[in-house]
Amino acid sequence: MAHGEILWFDAERGFGFIRPDMGPRDVFLHASALEESGLTTIDAGARVEFELVQTGDGRLTAQRVLPLQRGRRRR
């Protein structure tokens with residue numbers, strides 16, 4: 001699983017972006033990836049864990065997005 005920070009998410013438009021801790025590009029975040037975790041929105045700056053998926057056209061997208069609790073450290 002990858003880790004990163006929410007750059008922005010617009011619930012009305014249904015998408016946003018994550019800045020991954022490692023990697024050269026921001027990752028697309030669709031509302032459906034949040035819905036898998038029971039969320040409808042998420043705040044900019046929130047730390048998340050997610051599965052990184054590359055689409056057929058080379059774009060990076062997040063799946064199975066889970067908010068990280070404050071104080072939880074990566075191992």
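Biologist: What should I know before reading the values?
Modeller: This is a predicted model, in which local features need pLDDT of at least 70 and side-chain atom pairs count only at pLDDT 80 or more, while totals for chains, interfaces and linings use all residues. Residues are numbered from 1 along each chain as its sequence is written, and side-chain values use heavy atoms, with hydrogens and water left out.

Biologist: What share of the residues is buried?
Modeller: Buried residues account for 32% of the 75 residues. Buried means under 20% relative accessible area, exposed over 50%, and partly exposed in between (1.4 Å probe, protein chains only).

Biologist: Which residues have the most contacts inside the largest nonpolar core?
Modeller: They are I18, L29 and V65, in a core of 14 residues. At least two residues of this core come from each of β1 (2-10), β3, α1 (31-35), β4 and β5. A nonpolar core is a set of buried Ala, Val, Leu, Ile, Met, Phe, Trp, Tyr and Cys residues joined through side-chain atoms within 4.5 Å.

Biologist: And what does I18 touch?
Modeller: Leaving aside residues up to four places away in sequence, the contacts of I18 include I6, L7, V27, L29, V48, F50 and A62. Contact means heavy atoms within 4.5 Å.

Biologist: Turning to charges, how many salt bridges are there?
Modeller: The structure holds three salt bridges, each being a side-chain nitrogen of Lys or Arg within 4 Å of a carboxyl oxygen of Asp or Glu. One of them joins the side chains of D21 and R47 at 2.7 Å, N to O. D21 lies in the loop between β2 (15-20) and β3 (27-30) and R47 in strand β4, so this pair ties together parts that are 26 residues apart in sequence.

Biologist: Where do the R64 and E51 side chains meet?
Modeller: They meet in a salt bridge of 3.1 Å, N to O. R64 is in strand β5 (residues 60-67) and E51 in strand β4, 13 residues apart, and the pair links distant parts of the chain. R64 is partly exposed at 45% relative accessibility, and E51 is partly exposed at 28%.

Biologist: Are D57 and R59 buried or exposed?
Modeller: D57 and R59 are both exposed. Their side chains form a salt bridge of 2.9 Å, N to O.

Biologist: What about E49: where is it found, and what does its side chain join?
Modeller: E49 is found in strand β4 (residues 47-54). With a relative accessible area of 13%, E49 is buried. Its side chain makes a polar contact of 3.3 Å with that of H3. A polar contact is a pair of N or O atoms within 3.5 Å; within protein, one must be able to donate a hydrogen and the other to accept it, and residues adjacent in sequence count only if both atoms are side-chain atoms.

Methods
Helices (H or I, at least four residues) and strands (E, at least two) are DSSP runs, numbered from the N terminus.
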